[in-house]
Amino acid sequence: MSHFTARCFLPARSYSGKLAALVATSLFCLAAQPMLAAEEADAPKGQSVSVLKAAKSCFNNIVEVSGIILAREETAVRPERPGLKVSEVLVDAGETVTAGQTLARLTPPEGGNINVQAPVAGVVSASTATIGAFASPRGEALFSIISRSEYDLVGLVSTEDIGKVAANQPAAIKIIGAGNVDGKVRRVAPTVEPNSQLGQVFIGITTNRRLAINASGRAEIKTGQSCGVAVPLTAVLYGNAGTVVQVVKRARIETRRVEVGLMSGGQIEIREGLNEGDDVVARAGALLREGDPVRPVSTTANGK
């Protein structure tokens, strides 16, 4: 703010008029000077800082699980009688089949053909059927089918997190070599391994994709949601005095101790110490101290 100096001019008039004008002008000058001094004292003189409004946001509570892909249920396919020879193989491992579909043809000693059919729909996970080989009810299975194309990601969760996981919670799963699929918690083991203090979680997957058994996968289980005031991660300072956020009030810095919560997408939940609508310094810094004068410049959470 530019300085203003109150100048008192005395217009030409009679002596008595001059005396009255002098008294009035002097009183005006005495009253104006403290007001001008106060305005100059209140004017911000500090550096400009980017501020944004603390706004409400929702955060997902996530438990991460690493594990491997297993078939939920495998059905072994064998002939019902012994002494049969494989004469034709109609499907290979990896193919999707329907219930009742013919998988192979076998020849009995008396001649003719016997069809081997799929008892369930699913994906053929393995096949030992080769033309000319013998097959029997007690021998090695001709085919193994992943029933209904249902898989489980079987992973381990720490005792700290296993209490948060429950059946039917949704999960986003990333499988090496297969990409992303959706899943849902199917069950949680009732015990933990005593040495590692980890417990098993079974996340069900139903998909038309061909998933490789024993492939590694990683799941993010959504165990809940928390909604409250949020600020960018850059607005939070961690130090010996605790976790703080810097707020601008009346063009001066206020330091607020806060309790933080969940984090997501560059934002952090503030559970205590901050109100919705507070002007928060977007990039808090150690050079800004309590009571420092500043010139706030409004911005948004993405810096624009």
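Ala235 is buried in this predicted model, with a relative accessible area of 0%; buried here means under 20% relative accessible area, exposed means over 50%, and partly exposed lies in between (1.4 Å probe, protein chains only). The residue sits in the loop between β15 (216–232) and β16 (236–239), where strands (E, at least two residues) and helices (H or I, at least four) are DSSP runs numbered from the N terminus. Leaving aside residues up to four places away in sequence, Ala235 touches Val244, Val245, Gln246, Val280, Val281, Ala282 and Ala284, a contact being heavy atoms within 4.5 Å. Val247 is 12 residues from Ala235 in sequence, and the two C-alpha atoms are 9.5 Å apart in space.

Residues are numbered from 1 along each chain as its sequence is written, and side-chain values use heavy atoms, with hydrogens and water left out. Because the model is predicted, local features need pLDDT of at least 70 and side-chain atom pairs count only at pLDDT 80 or more, while totals for chains, interfaces and linings use all residues.

The volume of the largest pocket is about 210 Å³. On a 1 Å grid over the protein atoms alone, a pocket is an open set of points with protein on both sides within 12 Å along at least five of seven lines, and lining residues have an atom within 4 Å of a point. Grid points are joined across faces, edges and corners, and the volume is the space filled by probe spheres set on the points.

Across the chain, the secondary structure comes to 2 helices and 22 strands. Buried residues make up 36% of the 304 residues. Among contacts with a separation of 6 or more, 69% are between residues 24 or more positions apart.

Strand β10 (residues 143–147) is largely enclosed by the rest of the structure, because 5 of its 5 residues are buried. Phe143, Ile145 and Ser147 point one way from β10, and Ser144 and Ile146 point the other way. Strand β3 (residues 74–77) runs antiparallel to β10 and is joined to it by 4 bridges; Val77 has Phe143 as its bridge partner in β10. Strand β8 (residues 122–127) is likewise antiparallel to β10, with 5 bridges between them, and here Gly122 is partnered by Ser147. Two strands pair if DSSP finds at least two bridges between them. Strands of a sheet pair through backbone hydrogen bonds, either parallel or antiparallel.

An open sheet is formed by 4 strands in the order β7-β6-β4-β9, with antiparallel pairing. Its edge strands are β7 (114–117) and β9 (134–135), each of which pairs on one side only. Between β6 (residues 102–107) and β7 there are 4 bridges, and the partner of Arg105 in β7 is Asn115.

The model has 1 disulfide, defined as a pair of cysteine sulfur atoms within 2.5 Å. The bond is formed by Cys58 and Cys227, whose sulfur atoms are 1.9 Å apart. This pair links distant parts of the chain, with Cys58 in strand β2 (residues 55–71) and Cys227 in strand β15, 169 residues apart. The torsion about the S-S bond is about 105 degrees, so the disulfide is right-handed. Cys58 is partly exposed at 44% relative accessibility, and Cys227 is partly exposed at 48%.

Two loop residues deserve a word on backbone geometry. Most residues other than glycine have a negative phi. Asn214, in the loop between β14 (198–206) and β15, has a positive phi near 75 degrees. Ala251 also has a positive phi, of about 65 degrees; this residue lies in the loop between β17 and β18 (252–257) and is partly exposed, with a relative accessible area of 22%.

Definitions and conventions:
1 Å grid on protein atoms, 1.4 Å probe; cavity = no way out; pocket = protein on both sides within 12 Å on 5 of 7 lines; lining within 4 Å.
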